[in-house]
Amino acid sequence: METSRDVIVVGGGLAGLTCGIHLAKKGLAVTIIEKSAYPKHKVCGEYISNEILPYLNWLGADVSELNPVSIKKFQFSSLSGAPVSAQLPLGGFGVSRYALDDFLYKKALDSGCKIVEANVTGINFIDDKFTVAADKIYNAKIVLGAFGKRSNLDQQLSRKFMHKKSPWLAVKAHYKGDFPDDVVALHNFPGGYCGISKVENDLLNICYLADYKTFKQYKDIQEYQQQQVYKNQHLKAIFEGSNLVFEKPLTISQVSFDKKEAVENHILMIGDTAGLIHPLCGNGMAMAIHSAKIAAELVFLYFAGTIKSRHELESRYSREWKLNFRKRLKAGRLLGIALQNRMLTKPLMNLMVLFPSLLPRIIKQTHGKPVKVAA
């Protein structure tokens, strides 16, 4: 059996769901194919810049319904000394992916999206249309790739970043512990970074990125944390003063920050599928949602006939994606290199202590302006 739609979105995370809601709002027939059921936890920093709020409100997704935590300050520390702090230019909020993805899933259904729980095994482009193999065969004029950081589909598409092993492993869990509601913190430890912020229900989200080569020297996560993560005294105090809520932490390996193409085999890539922002930017969720907006607007113009060809659609999307995100990604990569080099970390920390205005300037390099929406 075959099913035809205007648009198929492969992946039902933040980017996939918001893009689906947007396109359905504009009257297109959208199917979102997601491999697992909602609600679900995901490895994620769970902090979102307020830059994305105008767009979420335009979609009819008022996240205040989820009781998110208002975040106004950023704090950073390395092994070399006391933490430095700064006000976030726009502020942000903390909300779990468990709550937010489920919220957007329900909004997508209400908007008219068809959501299928299935694993996509192949995407082919022949005679100017797509064939997507999942629980059955789906046909569509446009396919958007929102299948996350790393997928078997990336391998099938022979994407360049898949030919190189990534050294990074990510670990995330929720805790109960004492931590300021209005702060998102990023603490450096040997071989990695750890992000900390509150989400709804007074839960503390702790998510860190670890060098896999070092990680595998230890028998389990607990030993790794005690031997490596705890070398940062701020992290040690937070972990020892908190209680794990999850049965065990979630992990994801092969996290790649290598450059990705925004269009592959005529598929428009959105969210982490198009490019994964470094944790030092602390803003991957907002970037994923913003990329969905850019793609949805252009896809609608394509169906409306304003964009005349697929080539024009793909070129405009690639150009818009680079215009909005390339500098952010580059800034994050450069910061990551600097802060992994112990010879550079201490001088950089000293500079931020001597010149407090430096940290807000760095933050601005990795965050965007409020997303503009049509009236």
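The dialogue below goes through some features of this predicted model and how to read them.

Q: What kind of model is this, and how are its residues numbered?
A: The model is predicted; local features need pLDDT of at least 70, side-chain atom pairs count only at pLDDT 80 or more, and totals for chains, interfaces and linings use all residues. Residues are numbered from 1 along each chain as its sequence is written, and side-chain values use heavy atoms, with hydrogens and water left out.

Q: How many helices and strands does the protein chain have?
A: Helices (H or I, at least four residues) and strands (E, at least two) are DSSP runs, numbered from the N terminus. The protein chain has 11 helices and 17 strands.

Q: How is burial read, and what share of the residues is buried?
A: Buried means under 20% relative accessible area, exposed over 50%, and partly exposed in between (1.4 Å probe, protein chains only). Of the 375 residues in the protein chain, 55% are buried.

Q: What is the accessible surface of the protein chain?
A: Accessible areas come from the Shrake-Rupley method with a 1.4 Å probe; for residues, only the protein chains shown count as cover. The protein chain has an accessible surface of about 16,800 Å², and carbon and sulfur atoms account for 51% of that.

Q: What counts as a contact, and how many of the contacts join residues at least 24 apart?
A: Contact means heavy atoms within 4.5 Å. When contacts between residues at least 6 apart in sequence are taken, 73% join residues at least 24 apart.

Q: Which residues does Lys107 contact?
A: Lys107 is found in helix α3. With neighbours within four places in sequence left aside, Lys107 is in contact with Ile21, Gly60, Ala61 and Glu65. The C-alpha atoms of Lys107 and Leu59 are separated by 8.9 Å, and these two residues are 48 apart along the chain. Lys107 counts as partly exposed because its relative accessibility is 22%.

Q: Is Asp102 buried or exposed, and what does Asp102 touch?
A: Asp102 also has its place in helix α3 (residues 97–111). Its relative accessible area is 14%, so Asp102 is buried. Not counting residues up to four places away in sequence, Asp102 touches Tyr38, Pro39 and Arg97.

Q: Where is Pro39, and what kind of peptide bond joins Tyr38 and Pro39?
A: Pro39 lies in the loop between β2 (30–34) and β3 (47–49). The peptide bond joining Tyr38 and Pro39 is cis, with omega about -10°.

Q: How is a salt bridge defined, and how many are found in the whole structure?
A: A salt bridge is a side-chain nitrogen of Lys or Arg within 4 Å of a carboxyl oxygen of Asp or Glu. A search of the whole structure finds 15 salt bridges. One of them joins the side chains of Lys40 and Glu34 (2.4 Å, N to O), and both Lys40 and Glu34 are buried. Lys42, Arg97 and Asp101 are linked in a network of salt bridges.

Q: Where do Lys141 and Asp128 lie in the chain?
A: Lys141 forms a salt bridge with Asp128, with the closest N and O atoms 2.6 Å apart. This pair links distant parts of the chain, 13 residues apart: Lys141 is in strand β9 (residues 137–145), and Asp128 is in the loop between β7 (122–126) and β8 (129–133). Lys141 is partly exposed because its relative accessible area is 29%; Asp128, at 35% relative accessibility, also counts as partly exposed.

Q: What is the phi of Asp202, and which residue forms a salt bridge with Asp202?
A: Asp202 is not a glycine, yet has a positive phi of about 60°. Asp202 is found in the loop between β12 (192–199) and β13 (203–211). Asp202 forms a salt bridge with Lys198, the closest N and O atoms being 2.9 Å apart. Asp202 counts as partly exposed at 43% relative accessibility, whereas Lys198 is buried because its relative accessible area is 3%.

Q: Where is His266, and what is its phi?
A: His266 lies in the loop between β16 (263–264) and β17 (267–269). Phi of His266 is positive, near 75°, in a residue other than glycine. His266 has 31% relative accessibility, so His266 counts as partly exposed.

Q: Which residues gather in the patch of positive charge on the surface?
A: Patches are made of residues with over 30% relative accessible area and no salt bridge: like charges are joined within 9 Å, and nonpolar side chains (Val, Leu, Ile, Met, Phe, Trp, Tyr) within 5 Å. Lys and Arg count as positive and Asp and Glu as negative, while His and the chain ends are not counted. The place of a charge is taken as NZ of Lys, CZ of Arg, CG of Asp or CD of Glu. Lys160, Lys259, Lys322, Arg326, Lys327 and Lys330 gather in this patch. Lys330 lies in helix α9 (residues 310–340) and counts as exposed because its relative accessibility is 52%.
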